Amino acid sequence: MPHLAPRHGAIQLIVDGQPFLMRAGELENSSASSLPYLDTLWSKFEAMHFNAVIAPVYWNLIEPQQGRFDFSTVDGLIKGARAHDMRLVLLWFGSWKNSMSSYLPAWVKRDASRYPRARRSDGTPMEILSALDAANVQADSAAFVALMKHLKQTDGEQHTVVMVQVENEVGMIPEARDHGPLADAAFHAPVPQALTDYLSEHRERLAPQLAAAWRAHGFRTGAKWEDTFGAGEQTDELFTAWTEARYTGQVAAAGKAVYPLPMYANAALIRPGKRPGEYPSGGPLPHLFDVWRAAAPAIDFLAPDIYFPNFTEWAEKYALPGRPFLIPETGRVSGAQMAANGLYAYAHLNAMGYSPYAPEFLSPDYAKALGQAYDLIDQLTPLILAHQGSGKMVGMLPRTHFDGSVDLSPQTFVFGDYKVTASFRKPGSASIGAKLDADTSTTHGGLIIQTGPDDFWFAGTGITVYFEPVGKGRSAVGIESIWEGRFINGQWVPGREMNGDDTNQGRHLSLPDDEFSIRRVTLYRYH
Ligand code: N0T
């Protein structure tokens with residue numbers, strides 16, 4: 001059974017008994033609704049060196065009538081993935097799709113008296129199911145259970161499907177919480193003890209808002225939401241997090257009871273300065289991790305959809321020690337930079353997978369960049385898996401801020417006796433021969449793996465690397481050799497030796513622009 005396991009200090013996804021590093025893309029939302037359409041995509045994904053696809057399953061299409069299931073889209077997806085030697089992560093588009101409920105079957109959509117909607121504070125119903133209603137969670141769970149049963153029957157041996165995302169970007173917009181009658185009643189009732197118990201137990205390490213509530217009032221059994229957490233939209237958001245995470249966790253638990261694949265929930269992130277309800281309130285966001293973990297123990301981990309330029313900042317909030325880390329969606333930056341960001345995620349943040357959104361619509365240039373980056377990850381997978389969490393692998397990536405400005409200051413890493421500095425600017429033309437002159441590169445990112453005291457692998461694009469001894473003294477570091485090359489069936493096959501102008505006569509290593517390349521580097525010390 002696919003599962004998550006701590007190995008080498010990182011959490012890895014184990015498939016068929018082996019760690020599996022996912023080079024994925026997430027299908028554009030509508031692509032899995034037509035099998036003929038889907039069939040046009042696989043060859044693109046193969047060309048981009050995918051080994052996995054993240055793909056939706058639509059509640060409305062699999063359960064067009066209550067209790068009558070049609071799994072033809074799911075079966076076609078699995079068949080296509082198998083034919084192209086890819087694994088699948090399935091997205092359960094059930095009650096939530098980006099805070100809305102657009103994937104409900106018509107028999108749910110049209111029967112709001114049986115399947116009540118969330119309401120605005122003025123009483124208007126929304127195209128969002130209420131998370132407080134038992135019929136809603138039962139209907140969603142029943143469909144999800146049917147899906148998991150079907151997977152168990154048709155894929156229980158082969159495990160083409162390796163993981164499931166439960167719902168999609170759970171949260172509430174445009175208000176911070178549901179104001180329907182059930183929600184109002186629950187909001188004015190005591191905070192459930194399961195939540196206060198969890199928060200009390202974890203009080204040493206709570207998110208700031210919760211820690212402040214603990215200091216101010218404690219978490220008393222029987223106290224109401226506003227008495228426990230204060231009045232205001234932050235508390236409305238906690239309530240949404242609890243109720244929607246409970247719901248999501250119930251759906252996940254029901255599915256796991258029949259077929260226990262790893263399951264996660266994904267988050268739409270926060271645009272700076274936005275308030276709960278302006279961004280999807282109550283989703284699996286860093287300030288709500290405690291609530292999600294308390295509410296949804298069947299969800300194995302929480303994952304970020306990173307569409308903002310401050311990629312590293314958001315990624316670091318989810319890549320926490322001892323927690324599984326996956327980036328199921330990313331995009332809206334240059335496709336070449338998106339490819340480079342991936343190298344960093346695998347190497348520096350121990351990601352089990354990386355997955356640009358809507359890869360079928362990448363421009364040819366960007367598809368090429370992603371394909372090159374994934375080709376390189378494919379070649380390096382055994383080394384990456386062996387070094388995740390070991391301290392002997394790092395990523396190199398300039399930090400980009402939300403406004404898009406990039407911090408190009410050099411980054412320094414220490415490996416034993418060697419101090420390694422990654423520069424995102426090119427050396428001046430005066431010192432370098434004819435090949436490199438203008439500082440034109442716009443894409444930077446890569447990784448370093450140390451495999452022996454003097455032995456290193458470098459991979460990436462748009463980086464110049466300098467080597468120095470650790471500590472002062474009279475010893476110095478030199479480059480013994482740098483080779484380009486490829487791993488073919490796991491064997492290193494060297495190409496050119498990179499020397500002369502390509503190292504500025506032995507002064508540095510360069511990972512050239514406009515391509516993703518691997519370099520085998522041997523250093524030495526002299527006195
Ligand atoms: C994502 C995708 C899909 C410039 C948006 C991101 C996917 C969903 N939502 O294309 O709808 O199903 O999970 C929301 C964040 C957008 C921020 C844009 C910033």
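Which residues line the largest cavity? The legends below take up this question and others for a structure that is a predicted model.

**Figure 1. The largest cavity and its lining in the predicted model.** The residues that line the largest cavity are Ala131, Leu132, Met172, Asp178, Phe239, Thr240, Thr243 and Glu244. The space inside the largest cavity comes to about 40 Å³, and its lining, when sorted by class, is made up of four nonpolar, two polar and two charged residues. The count of cavities of 30 Å³ or more comes to two, and the other one is the subject of the next view.

**Figure 2. The second largest cavity and its lining.** With a volume of about 30 Å³, the second largest cavity is lined by Ile306, Tyr307, Phe308, Pro309, Phe311, Thr330, Gly331, Val333 and Asn341. Six residues of this lining are nonpolar and three are polar, while no charged residue takes part in the lining of the second largest cavity.

**Figure 3. The largest pocket, lying between domain 1 and domain 2.** The largest pocket holds about 550 Å³ of space, and among the 33 residues that line the largest pocket, those closest to its centre are Leu511, Pro512, Glu515, Ser517 and Arg519. Because domain 1 (3–388) and domain 2 (399–526) both contribute residues to its lining, the largest pocket lies between the two domains. At least two lining residues of the largest pocket come from each of the elements α15 (364–387), β21 (463–469), β22 (476–488), β24 (509–511) and β25 (517–526). Sorted by class, the lining of the largest pocket contains eleven nonpolar, ten polar and twelve charged residues.

**Figure 4. The second largest pocket and the residues closest to its centre.** The volume of the second largest pocket is about 430 Å³. This second largest pocket is lined by 19 residues, of which Asn98, Glu169, Ala268, Tyr307 and Arg332 are the closest to its centre. Seven residues of the lining of the second largest pocket are nonpolar, three are polar and nine are charged. Tyr307, named here among the residues closest to the centre of the second largest pocket, is also one of the residues that line the second largest cavity.

**Figure 5. The crossing of helices α6 and α11.** Helix α6, which covers residues 134–155, and helix α11, which covers residues 233–258, have axes that come within 8 Å and cross at roughly 30°. An angle under 35 degrees counts as roughly parallel, and α6 is therefore roughly parallel to α11. The crossing in which α6 passes α11 is right-handed.

**Figure 6. The crossing of helices α14 and α15.** Helix α14, which covers residues 335–348, has an axis that comes within 8 Å of the axis of α15, and the two axes cross at roughly 15°. This angle makes α14 roughly parallel to α15, and the crossing of the two helices is right-handed.

**Figure 7. The crossing of helices α4 and α6.** The axis of helix α4, which covers residues 72–83, and the axis of α6 come within 11 Å, and the two cross at roughly 40°. Helices α4 and α6 are therefore oblique to each other, and α4 passes α6 in a crossing that is right-handed.

Key: Residues are numbered from 1 along each chain as its sequence is written. This is a predicted model: local features need pLDDT of at least 70, side-chain atom pairs count only at pLDDT 80 or more; totals for chains, interfaces and linings use all residues. Side-chain values use heavy atoms; hydrogens and water are left out. On a 1 Å grid over the protein atoms alone, a cavity is a set of points where a 1.4 Å probe fits but cannot get out, and a pocket is an open set with protein on both sides within 12 Å along at least five of seven lines; lining residues have an atom within 4 Å of a point. Grid points are joined across faces, edges and corners, and a volume is the space filled by probe spheres set on the points. Helices (H or I, at least four residues) and strands (E, at least two) are DSSP runs, numbered from the N terminus. Ala, Val, Leu, Ile, Met, Phe, Trp, Tyr, Cys and Pro count as nonpolar, Asp, Glu, Lys and Arg as charged, and the others, Gly among them, as polar. Domain bounds come from an automatic or database domain assignment. Axes are lines fitted to C-alpha atoms, for helices over the stretch in contact, and angles run from 0 to 180 degrees between N-to-C directions. Angles under 35 degrees count as roughly parallel, over 145 as roughly antiparallel, 65 to 115 as roughly perpendicular and the rest as oblique. A crossing is left-handed if the near helix is turned anticlockwise from the far one by less than a right angle, and right-handed if clockwise.
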